[in-house]
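Subject: A structure for you to look at

Hello,

Here is the structure I promised to pass on. Please open it first, and then read my notes below with the model beside you.

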Amino acid sequence: MTAPSPGRPLSHTERTRHRRLREQGSLDRAELDAVLAAGFVCHLGVTVDGTVMVVPTVYGSDGSTLYFHGSVASRSLVASPGTTVCVTVTHVDGLVLARSVFEHGINYRSAMIYGVPRLVTDEEEKLAGLRCLTEQSAPGQWDYARRPSRKELAATALLALSLDEASLKIRTGPPDDGDTPDAELGLWAGVLPLNTSWGALEPAPDLAAALAPPPHLVRRAGAVV
Ligand SMILES: Cc1cc2nc3c(=O)[nH]c(=O)nc-3n(C[C@H](O)[C@H](O)[C@H](O)COP(=O)(O)OP(=O)(O)OC[C@H]3O[C@@H](n4cnc5c(N)ncnc54)[C@H](O)[C@@H]3O)c2cc1C
């Protein structure tokens, strides 16, 4: 595992060179870290038996490596090591409502990572990667819940993808048509922000009534993401 290097700019390979809407591109690795830290579901694009599959899956990022996991029988995970994949992470921040439909858009933060994933076989790294992945979506649960048994570990494939070749695009702000003839149409234009938040905890129906939720979950319930 390489150490995170937040000061290093993002790579600028032929694959990651922004072409369309390039003004929304960023080469700031700290911004990539922030986009990855803000989510826990990615889309893994991989060719399986000659067909492209784009699979939504949970991930964890430690700043230099993205981890994703699943059953050892998962076709997308079996196919991924040794082949180039493309992983995306997307956050929608709002609808950009212009005077014309043509100029409508989305305020967003999105990352694309290219690379050849590695199957993690070392037990220590596998546990560290699974911890990273678990803590990304449910901080505090790795120490609270029972850790994987040897049998469960053997049934789980963990893949590591370097963040060396990644690109970032971010759009913020109002619609761009304020200085066009459409501004004279007398139509409302602006942004409808989209916020996501966690709801109230819902205890399992078979939970003993005396069992209170742990503080890290109580703190998170109702929080804005
Ligand atoms: C939620 C959302 C909705 C979108 N809706 C539309 C839409 O309706 N129509 C539309 O044209 N575009 C949309 N985009 C932008 C879209 O993702 C592409 O950036 C854009 O269409 C250019 O695509 P392209 O195939 O020409 O890629 P190119 O510009 O050829 O891509 C070159 C390289 O730039 C990088 N790159 C491209 N797009 C992204 C990205 N989004 N995030 C990170 N890196 C990127 C990749 O490394 C890629 O290999 C949307 C983006 C998001 C996040």
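Strand β7 (residues 118-119) and β8 run antiparallel and are joined by 2 bridges. Here, two strands pair if DSSP finds at least two bridges between them. Helices (H or I, at least four residues) and strands (E, at least two) are DSSP runs, numbered from the N terminus.

Two notes on the model before we go on. Residues are numbered from 1 along each chain as its sequence is written. The model is predicted, and local features need pLDDT of at least 70, side-chain atom pairs count only at pLDDT 80 or more, while totals for chains, interfaces and linings use all residues.

**The chain as a whole**

The chain holds 6 helices and 10 strands. Its C-alpha trace spans about 65 × 50 × 35 Å along the principal axes. Of its 225 residues, 21% are buried. By that I mean that 20 or more other C-beta atoms lie within 10 Å of the residue's own; with 12 or fewer a residue is exposed, and in between it is partly exposed, with C-beta atoms placed from the backbone. Among the contacts with a separation of 6 or more, 73% are between residues 24 or more positions apart. A contact means that the C-beta atoms of two residues, placed from the backbone, lie within 7 Å.

Which residues touch the most other members of the largest nonpolar core? They are Leu66, Tyr67, Ala111 and Leu159, in a core of 29 residues. At least two residues of this core come from each of α1, β2 (41-48), β4 (65-71), β5, β6, α3 (123-137), β8 (156-162) and β9. The most come from β8, which gives 5 residues. A nonpolar core is a set of buried Ala, Val, Leu, Ile, Met, Phe, Trp, Tyr and Cys residues joined through C-beta atoms within 7 Å.

If you select leucine 159 and leave aside its neighbours within four places in sequence, its contacts include Tyr67, Phe68, Leu77, Pro81 and Leu119.

**The ligand**

The ligand is surrounded by 16 residues, and the closest are Arg19, Tyr108, Ser110, Ser167 and Lys169. β5 (85-97), β6 (105-115) and β9 (165-171) are the elements that give two or more residues to this shell. With 5 residues, β6 gives the most to the shell. By type, the shell divides into 7 nonpolar, 5 polar and 4 charged residues. Ala, Val, Leu, Ile, Met, Phe, Trp, Tyr, Cys and Pro count as nonpolar, Asp, Glu, Lys and Arg as charged, and the others, Gly among them, as polar.

These strands also pair with one another. β5 and β6 are antiparallel over 11 bridges, with valine 85 opposite glycine 115 in β6. β6 is joined to β9 by 7 bridges, again antiparallel, and methionine 112 stands opposite serine 167 in β9.

**Helix α1**

In α1 (residues 29-37), the residues Arg29, Leu32, Val35 and Leu36 are buried. They lie on the same side of α1, because they cover an arc of only 115° around the axis; the arc is that of the directions from the helix axis to the C-beta atoms. The buried residues of α1 pack against β3 (51-61), β5, β6 and β9.

**Two loop residues**

Is aspartate 62 buried or exposed? It counts as buried, because it has 22 C-beta neighbours inside 10 Å. Aspartate 62 lies in the loop between β3 and β4.

Aspartate 49 sits in the loop between β2 and β3. With 7 C-beta neighbours inside 10 Å, aspartate 49 counts as exposed. Its phi is near 50°, a positive value in a residue other than glycine.

Happy exploring!

Note on methods
A residue is near a molecule or strand if its C-beta atom, placed from the backbone, lies within 6 Å of it.
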